[in-house]
Amino acid sequence: MTLLRVDSSIRTDGSVSREVADSLEEAWSRLRPGPVVRRDLGRDPLPAQAWSAAVSAAFLPEEQRSPQQRAAVAFAAGLADEVLAADAIVVASPLYNFGVPQHLKTWIDLLITDPRLGPGTAPLTGRPLALVIARGGGYGPGRDAGR
């Protein structure tokens with residue numbers, strides 16, 4: 001069974017969301033051995049202009065799309081392929097400035113530009129999805145994690 005793991009923390013060391021996702025991935029792999037596909041949006045951010053190009057392409061016939069729009073649509077389709085090929089998904093995200101990182105939002109926005117994952121579809125019904133969210137504060141023993 002294939003697990004898709006999406007990390008979005010810009011921190012590679014000391015990231016709580018990554019640590020929790022590591023635990024989840026380890027448990028999943030013990031119960032359901034199989035490949036783990038990783039997309040690390042913190043280390044390899046998506047191109048910010050891809051979303052606007054993919055959205056604007058949706059309003060044009062294929063032959064009228066610019067090379068940038070065609071590339072963005074193909075890129076979004078590749079991201080959607082990763083999601084659709086997964087039997088389960090783990091999305092790990094810190095909260096920055098009261099919200100998810102911009103590059104995670106871009107990933108989500110690009111996914112829904114693909115007709116297979118857009119409004120009115122439900123291709124992920126029945127698939128487990130774990131959303132790991134961590135926010136600033138102390139998480140060690142004796143620390144108030146609710147700060």
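Two strands count as paired if DSSP finds at least two bridges between them, where strands (E, at least two residues) and helices (H or I, at least four) are DSSP runs numbered from the N terminus. The model looked at here is predicted, so local features need pLDDT of at least 70 and side-chain atom pairs count only at pLDDT 80 or more, while totals for chains, interfaces and linings use all residues. Residues are numbered from 1 along each chain as its sequence is written, and side-chain values use heavy atoms, leaving out hydrogens and water.

Strand 1 (residues 3–7) pairs on two sides of the story. Five bridges tie strand 1 to strand 3 (residues 88–94), and the two run parallel; here D7 sits opposite A92. Another five link strand 1 to strand 2 (residues 36–40), again in parallel, with R38 as the bridge partner of R5. Between strands 1 and 2 the chain passes through helix 1 (residues 16–31), making a right-handed β-α-β crossover (clockwise from the first strand over the helix to the second, with the strands pointing away from the viewer).As for burial (under 20% relative accessible area, 1.4 Å probe, protein chains only), five of the five residues in strand 1 are buried. L3, R5 and D7 point one way, and L4 and V6 the other.

Helix 2 (residues 49–57) and helix 3 (residues 67–85) have axes that come within 8 Å and cross at roughly 100 degrees, the axes being lines fitted to C-alpha atoms over the stretch in contact, with angles from 0 to 180 degrees between N-to-C directions. Helix 2 and helix 3 are therefore roughly perpendicular (65 to 115 degrees). In contact (heavy atoms within 4.5 Å) are Q49, A50, A53, A54, S56 and A57 of helix 2 with Q68, Q69, A72, V73 and F75 of helix 3.

Terms used
Angles under 35 degrees count as roughly parallel, over 145 as roughly antiparallel, 65 to 115 as roughly perpendicular and the rest as oblique. Buried means under 20% relative accessible area, exposed over 50%, partly exposed in between (1.4 Å probe, protein chains only).
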